[in-house]
Amino acid sequence: MERKLIAMGLSLFVIIGLIGMYTLSQTKEDIFVEEKEKILVVVTIPPQAEFVEKVGGDKVRVMVMVPSGVNLHTYNPTPSRFENISLADMYIQVGSGIEFELTWMTKIISQNEDVLIVDCSEDVELIETGEHENHGRYDPHIWLSIKSTKIIVENICDALIQTDPTNKGFYIKNKDAYLQELDKLDNEIIQALSEKVQDKFITYHPT
């Protein structure tokens with residue numbers, strides 16, 4: 001049992017490391033200088049980058065506004081990140097009330113009046129949790145629910161089609177394939193927890 005727990009811990013460490021490497025590669029501040037022919041998309045947090053790239057494939061280029069490893073509640077974007085917004089075709093916000101967006105969205109919009117603002121939380125049912133030091137009445141971490149993530153992906157697909165209607169079929173095909181991946185993951189989680197008798201567990205906040 002102890003060996004199994006150690007192995008699981010090492011696997012998680014490797015996965016987190018790979019995600020960190022991926023994130024660093026996606027948050028270069030000169031990212032939009034490289035491939036202007038693609039749809040240039042700015043997202044607020046790293047998970048959104050995967051959603052956009054799964055649907056948009058090689059037709060999008062994504063920049064993450066809040067890089068991995070920083071505090072989402074206190075992070076101050078660099079001037080070059082705002083410069084990239086001025087080049088972007090689309091800004092995809094979480095939209096569920098995270099503090100970064102409450103603080104910075106007005107300035108973000110002011111950088112590019114023509115940018116398409118996409119609200120990921122549209123049609124997502126927010127969970128009421130009561131007052132929280134940072135979050136207010138509702139839980140803003142909508143990307144942690146597979147059910148909500150599927151709605152987010154649908155919203156992203158609609159936005160890409162609005163921006164690039166010529167490639168509508170491409171985006172829908174990618175979206176449908178990714179939704180199947182999410183359904184598979186959901187089933188795996190259900191199976192893994194089906195025999196557990198406890199309904200409480202501890203997790204670290206950024207997880």
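1. In this predicted model, helix H6 (residues 146-163) lies across strand S1 (39-43), S2, S3 and S4. Relative to S4, helix H6 runs at about 160°.

2. An open sheet is formed by 4 strands in the order S2-S1-S3-S4, with parallel pairing. Its edge strands are strand S2 (60-64) and S4, each of which pairs on one side only. On average, neighbouring strands of this sheet are turned by 25° against each other, direction ignored.

3. The pairing of S3 with S4 can be given in detail. These two strands run parallel and are joined by 4 bridges. Gln 93 has Asp 119 of S4 as its bridge partner. In general, strands of a sheet pair through backbone hydrogen bonds, in either a parallel or an antiparallel manner.

4. A further helix, H5, lies across S3 and S4 and runs at about 165° to S3. Within H5 (residues 99-110), the buried residues are Phe 100, Glu 101, Trp 104, Met 105 and Ile 108. Viewed down the axis of H5, these buried residues fall within an arc of 140°, so they line one face of the helix. Leu 102, Thr 103 and Thr 106, on the other side of H5, are exposed.

5. What do the buried residues of H5 pack against? Their partners are helix H4 (79-85), strand S3 (90-93) and strand S4 (116-119).

6. H6 also packs with helix H7 (residues 168-193), at an angle of about 175° and with the two axes 10 Å apart. Angles over 145 degrees count as roughly antiparallel, and H6 and H7 are therefore roughly antiparallel to each other. On the H6 side, the contact is made by Ile 146, Thr 149, Lys 150, Val 153, Glu 154, Cys 157, Leu 160 and Ile 161. On the H7 side, the contributing residues include Lys 168, Tyr 171, Ile 172, Lys 175, Tyr 178, Leu 179 and Leu 182. Asp 183, Leu 185, Asp 186 and Ile 189 are also among the H7 residues in this contact.

7. Cys 157, one of the H6 residues in contact with H7, is buried, with a relative accessible area of 1%. Cys 120 likewise counts as buried, at 1% relative accessibility; the cut-off for buried is under 20%. A disulfide is a covalent bond between the sulfur atoms of two cysteines. With sulfur atoms within 2.5 Å as the criterion, the count of disulfides in this model comes to 0.

Definitions and conventions
Residues are numbered from 1 along each chain as its sequence is written. This is a predicted model: local features need pLDDT of at least 70, side-chain atom pairs count only at pLDDT 80 or more; totals for chains, interfaces and linings use all residues. Side-chain values use heavy atoms; hydrogens and water are left out. Buried means under 20% relative accessible area, exposed over 50%, partly exposed in between (1.4 Å probe, protein chains only). The arc is that of the directions from the helix axis to the C-beta atoms. Contact means heavy atoms within 4.5 Å. Two strands pair if DSSP finds at least two bridges between them. Axes are lines fitted to C-alpha atoms, for helices over the stretch in contact, and angles run from 0 to 180 degrees between N-to-C directions. Angles under 35 degrees count as roughly parallel, over 145 as roughly antiparallel, 65 to 115 as roughly perpendicular and the rest as oblique.
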